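Please read them with the coordinates open.

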Amino acid sequence: MAVDESHAPPPESLGADGTGPKPGAADVPSFADDVVTPCGRLLSRIWEQARDTAQAADPHISSCPHCREAAEGLSAVTAASQALRTGDRPGLEALADRVMNIVRAEVRLGRLLPLADPDRALRIAESAAAKVLRQAADRVPGARAAACRFVPVGDGVDLRVTMTLAAALDRPLPDRIHQVRRSVLRSAGQDLGLAVTAVDITVVDVLEQEPPCRPGLTPGGA
Amino acid sequence: MIDTAVALSPGRNLGGRDLPDGLLAVRAAEGDEEAFAVLVQRHGRPLLDLARCMLGNPQDAEEAVQDAFVSAWRRLPEYRHSAEFHTWMHRITVNRCLTMRHRRPPPLSLDTVAEPAATDAWGQPARSAEQKAATAALVRALGELDTGQRLCWILREVQGLSYKQISHVTRSSEQAVRGRLFRARRSLQEAMGPWR
């Protein structure tokens with residue numbers, strides 16, 4: 001079933017949320033079982049517009065009696081579906097607690113890393129050490145650690161840290177990376193007692209600039 | 001890579017509540033439980049809504065979402081970020097719901113829907129009898145839809161996802177999504193005829 005193009009101009013866009021048809025893609029029925037109204041509109045398109053109410057892509061639809069009737073055909077479904085969207089819902093807390101209890105019971109320690117202790121008898125789980133070093137990186141304003149891995153150097157207790165980072169761009173990156181490296185090295189030595197010889201940092205994401213209430217940062221958006 | 005940047009709060013919660021999903025997922029993959037807890041809090045509610053609509057009752061929905069999160073935790077080390085965490089988590093939940101539907105019959109029969117109760121299948125306080133009946137009829141009609149149509153309708157109408165997001169979750173084209181959505185609306189419109 002085809003529709004007269006001149007009689008049924010496609011709505012150019014149904015909005016910025018990506019729900020609308022692509023321009024030029026709406027001239028013919030999109031699906032074999034679509035229905036064309038007496039005024040030449042596609043039922044699927046009328047319904048899409050009726051449900052994406054923020055936009056008035058095709059003014060004809062709101063003024064044409066055929067289209068209005070077609071849109072109203074969906075009203076009972078719309079009214080009943082309201083309860084599925086807005087009703088009071090049981091809390092998430094109990095579910096979240098159950099999930100986290102299972103998660104915490106499945107200990108995922110990773111490798112055991114040697115501490116810089118003369119007897120070489122002490123070890124720390126890689127996941128625990130990574131958590132502490134991520135926190136050290138996070139303490140630098142405008143930096144947030146993502147991955148944190150450890151690579152043994154030589155046969156002793158020396159380790160190399162590889163870290164990925166999300167960083168704000170309100171200051172030169174090298175300064176910030178330098179600060180993160182210092183913070184991580186200090187924490188590795190003082191908090192954990194690891195012999196970290198180097199920290200390799202890769203910036204993998206950009207953080208939006210922090211709000212102006214923090215001292216030392218330029219006010220305003222990025 | 002990773003996902004869109006988020007504004008950092010002045011309080012700088014080191015627990016990670018202000019961090020983007022992608023970064024939290026990387027941390028969780030390395031065994032950071034706190035990062036995973038933030039993801040559970042952030043995505044649990046919409047996933048519960050999705051599962052409740054797919055399965056028809058809150059108990060099964062909780063079980064499905066719990067299983068989905070535990071499965072995600074176990075699979076995070078292999079998660080390659082080719083899809084956003086949001087999309088990946090939706091897929092896991094949908095698959096879990098489909099498995100559960102295969103395992104048991106649709107839970108909402110005519111009899112259970114007709115029973116008066118202080119709270120309905122959605123855990124809501126009693127509304128007017130007509131509203132309740134209409135919602136029950138919609139739930140029943142949803143249960144009779146083809147799985148793909150039901151999923152697209154729920155993702156659009158209950159979750160408010162864009163066609164693009166739905167196409168990512170269902171691994172189909174936006175055109176296919178629009179087709180399924182149209183057919184779902186037509187079937188539901190017919191089923192809800194008496195309530196017009």
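1. Is B:Arg171 buried or exposed, going by the other C-beta atoms within 10 Å? The model is a predicted one, and in it B:Arg171 has 10 other C-beta atoms within that distance. The cut-off for an exposed residue is 12 or fewer, so B:Arg171 counts as exposed.

2. The backbone at this position deserves a look as well. B:Arg171 has a phi near 50°, a positive value in a residue other than glycine. Most residues other than glycine have a negative phi. As for its place in the chain, B:Arg171 sits in the loop that connects helix H8 (163-170) of chain B with helix H9 (174-191) of chain B.

3. Chain B splits into two domains, with domain 1 covering 16-108 and domain 2 covering 126-196. Their C-alpha centres are 21 Å apart. Across the boundary, 14 residues of domain 1 of chain B are in contact with twelve residues of domain 2 of chain B. On the domain 1 side, the elements giving two or more residues are helix H2 (33-55) and helix H4 (85-103) of chain B. By residue class, that side of domain 1 of chain B has nine nonpolar, three polar and two charged residues.

4. Turning to the other chain, chain A contains seven helices and five strands. Their order along the sequence of chain A is α-α-α-α-α-β-β-α-β-β-α-β. Chain A has 222 residues, of which 34% count as buried. If contacts in chain A are limited to residues at least 6 apart in sequence, 56% of them join residues at least 24 apart.

5. Chain A has an open sheet of three strands in the order E3-E4-E5, and the pairing is mixed. Strand E3 (143-152) and strand E5 (195-207) of chain A are the edge strands, each pairing on one side only. On average, neighbouring strands of this sheet are turned by 20° against each other, with direction ignored.

6. Within the sheet, strand E4 (residues 158-168) of chain A pairs with E5(A) in the parallel sense, over eleven bridges. A:Asp158 stands opposite A:Ala195 of E5(A).

7. Which helices lie across E3, E4 and E5 of chain A? One is helix H7 (residues 173-192) of chain A, which runs at about 140° to E5(A). Another comes from chain B: helix H1 (residues 21-29) of chain B lies across these strands, at about 25° to E3(A).

Conventions:
Residues numbered from 1 in each chain as written. Chains lettered and ligands numbered in written order. Predicted model: local features only at pLDDT ≥ 70, side-chain atom pairs only at ≥ 80, totals over all residues. Pairing = 2+ DSSP bridges. Helix = DSSP H or I, 4+ residues; strand = E, 2+ residues; numbered from the N terminus. Axes fitted to C-alpha atoms, helices over the stretch in contact; angles between N-to-C directions. Contact = placed C-beta atoms within 7 Å. Domains from an automatic or database assignment. Nonpolar A, V, L, I, M, F, W, Y, C, P; charged D, E, K, R; others polar. Buried ≥ 20, exposed ≤ 12 C-beta atoms within 10 Å, placed from the backbone.
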